[in-house]
Amino acid sequence: MATVGFFTSPACSQHDMGAEHPECPARLDAIQDQLLSSGMEYVLRFFDAPKATRAQLARVHTPDYVDSIFARAPSEGFEVLDEDTRMCPQTLDAALHAAGAAVDAVDRVIAGEVHSAFCSVRPPGHHAERDKAMGFCLFNNIAIAAAHARAQHGLERVAILDFDVHHGNGTEDFVAGREGYLLCSSFQSPYYPFSGTGELPDNIVNTPLEAGAEGRALRDLVSNQWLPALERFKPQMLFISAGFDGHIEDAMAQLRFREEDYQWVTERLRAFADAHCEGRIVSALEGGYALSALGRSVVAHLKGLIGS
């Protein structure tokens, strides 16, 4: 049984984009509730996430963009970054802790303190491009973690696996054509942000799914496209953008996955990591807006990381 670290921060619950916004503080509460009811808290190691530094953010985002987010942080009310993304007075602190959780998870996984890690954080990250906030995201948490593994720990090859219902355009913006990175991404298409289906560099494996696709389609693409790509690339560490908005109960889109699908995918990625990456995985929360389904899906994901 692998030791899994659970990284979060109270600051991540303080970020609030308004009463009707689906990316809400209750998401982290729903995850915590399911951990308690499942008994999972007894088999996890919990870590309070630090803040990411500007230097860590700047491995992925342009310095001007990082400066602009700091400068636009409001002292009251909301600062609108795009039609879906706002900052409240607590948002910058939350975003720094979200990225910091992923960085700290990398350090502790590589140091051997835990075998793998899940970052229960918000705001999410995979839509944040190098110089642009969008889609609820300010800083690209998982890309920052992967870049930290290469820059700080000298890893030559890292792979990011993204199973959110939305295409991780921000991660692709950073990874595309960049040596030492592989990105495999599944998402509903056509759907927001209406990207990911054009001509791609060799280090991007996009696997779009039609509305109505069920878990078998996700399992097939992991078996037939992701795992062969990983075998060819030979990464030294895996990073997961874990979006659970493809769940059948989630009204955000029209995929029809269930908890057991997320556990199955995670188990396959863990088995690959065990065989090829010294078991090293860092996963970070992305989407998932049906609260009960989100909590249950995260528990399934954690079971997949833990193994037996």
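Okay, let's start with E278, which sits in the loop between α8 and β10 (281-285). Helices here are DSSP runs of H or I with at least four residues, strands are runs of E with at least two, and both are numbered from the N terminus. Keep in mind that this is a predicted model, where local features need pLDDT of at least 70, side-chain atom pairs count only at pLDDT 80 or more, and totals for chains, interfaces and linings use all residues. Residues are numbered from 1 along each chain as its sequence is written, and side-chain values use heavy atoms, with hydrogens and water left out.

Back to E278: phi is near 55°, a positive value in a residue other than glycine. E278 is exposed, at 64% relative accessible area; buried means under 20%, exposed over 50%, and partly exposed in between, with a 1.4 Å probe and protein chains only.

Now, hop over to the loop between β7 and β8, where we find F194. F194 isn't a glycine either, yet its phi is positive, about 60°. With 63% relative accessibility, F194 counts as exposed.

That loop also holds P190 and P193. What kind of peptide bond joins S189 and P190? It's cis, with omega about 0°. The bond from Y192 to P193 is cis as well, with omega near 5°.

Last stop, the helices. The axes of α8 (residues 259-276) and α9 (residues 291-306) come within 8 Å and cross at roughly 25°. Those axes are lines fitted to C-alpha atoms over the stretch in contact, with angles from 0 to 180 degrees between N-to-C directions. The contact (heavy atoms within 4.5 Å) includes Y262 and R270 of α8, plus H301 and L305 of α9.
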